[in-house]
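Hi everyone, thanks for coming.

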Amino acid sequence: MKQNKVIKQVVAIGIGSAIFIALTTVQIPLVFIPNTALQIRAAVLAFFAAVFGPIAGLAIGLIGHALGDAFFYGGVWWSWVIPDGIFGLLVGLFASRYAIEAGSFNFQKCLFFNIVQIVANAIAWIAVAPSLDILIYKEPANKVFSQGVAAFAANVTIVIILGSLLTWGYSKIKTKSSSLKEEN
């Protein structure tokens, strides 16, 4: 059983990272804040972390963001890669509480999922990303904190909408799948 869980996680990391990379250029730029955009991949990361846990969330955030940057932008901006990993880790820490795999993702669990993702996004984008921008790249504080707040708001919005729909839909599919297995 333990080996099965590890295999599922490795597969989830591979698939999640590939989807994350593929969605790197699917974004709506926030014209009022440079180098910041509304990105669908934030919802995908939250979904995979919520379903497969903190290790998958951390790995998908780090691998997906780093490779997406390298493939599409020619370089890796580590001060934004690390926060995606942290975000995935924090959302994934509560995977068992969301009960998505059990098919029990109801309104209360969706609310809890969104509270967790808001706090995780705040830590990742308002605290960690700007701090790393200043420490690693010597970026001006006013610029990077504005970008961090904008990234936080964009990610929270996309996860509330698309992340909640993905987790709810997947939970309902798991419920139907479980009931079909019981009938056979």
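A quick word on the ground rules. This is a predicted model, so to speak of local features we need pLDDT of at least 70, and side-chain atom pairs count only at pLDDT 80 or more, while totals for chains, interfaces and linings use all residues. Residues are numbered from 1 along each chain as its sequence is written, and side-chain values use heavy atoms, with hydrogens and water left out.

Let's start with helix H6, residues 107-137. Helices here are DSSP runs of H or I with at least four residues, strands are runs of E with at least two, and both are numbered from the N terminus.

Now look at the start of H6. There, a side-chain oxygen of Asn-106 comes within 3.2 Å of the backbone nitrogen of Gln-108. That is a polar contact, meaning a pair of N or O atoms within 3.5 Å; within protein, one must be able to donate a hydrogen and the other to accept it, and residues adjacent in sequence count only if both atoms are side-chain atoms.

Where does H6 kink? At Val-128, by about 35°, shortly before the proline Pro-130. The bend is the angle between axes fitted to the seven residues ending at a residue and the seven starting there. Val-128 is buried, at a relative accessible area of 19%. For the cut-offs, buried means under 20% relative accessible area, exposed over 50%, and partly exposed in between, with a 1.4 Å probe and protein chains only. Setting aside residues up to four places away in sequence, Val-128 touches Pro-83, Ile-86 and Ile-123; contact means heavy atoms within 4.5 Å. Val-128 and Ile-82 are 46 residues apart in sequence, yet their C-alpha atoms are 8.2 Å apart in space.

After H6 comes Lys-138, with a positive phi near 60°. Lys-138 sits in the loop between H6 and H7, and with 66% relative accessibility it counts as exposed. Ala-99 also has a positive phi, near 55°, in a residue other than glycine. Ala-99 is in the loop between H5 and H6 and, at 15% relative accessibility, counts as buried.

On to the aromatics. How many aromatic pairs does the structure hold? There are nine. Rings of Phe, Tyr and Trp (its six-membered ring) pair if their centres lie within 6.5 Å; planes under 30 degrees apart are stacked, over 60 edge-to-face, and the rest tilted. Take Phe-94 and Phe-112: the ring centres are 5.6 Å apart and the planes are at 85°, so this pair is edge-to-face. Phe-94 is in the loop between helix H4 (78-92) and helix H5 (95-98), whereas Phe-112 is in helix H6, 18 residues apart. Phe-94 is partly exposed, at 30% relative accessible area, and Phe-112 is partly exposed at 22%.

The next pair is Tyr-98 and Phe-113, whose ring centres are 5.4 Å apart with planes at 90°, so they are edge-to-face. Tyr-98 counts as buried at 0% relative accessibility, and Phe-113 counts as buried at 0%. Phe-94, Tyr-98, Phe-105, Phe-112 and Phe-113 form one aromatic cluster.

Arg-97 lies over the face of Phe-112, at 4.3 Å from the ring centre; the rule is NZ of Lys or CZ of Arg within 6 Å of the ring centre and within 35 degrees of the ring normal.

Last stop: Thr-167, in helix H7 (residues 141-183). Is Thr-167 buried or exposed? Buried, with 0% relative accessibility. A polar atom of the Thr-167 side chain lies 2.9 Å from the backbone oxygen of Gly-163, and a polar side-chain atom of Thr-167 lies 3.0 Å from the backbone oxygen of Ser-164. Leaving out residues up to four places away in sequence, Thr-167 touches Phe-47, Ala-50, Ile-100, Phe-105 and Phe-113. Two of those names, Phe-105 and Phe-113, belong to the aromatic cluster.

How values were computed: Expected span 1.5 Å × (residues − 1).
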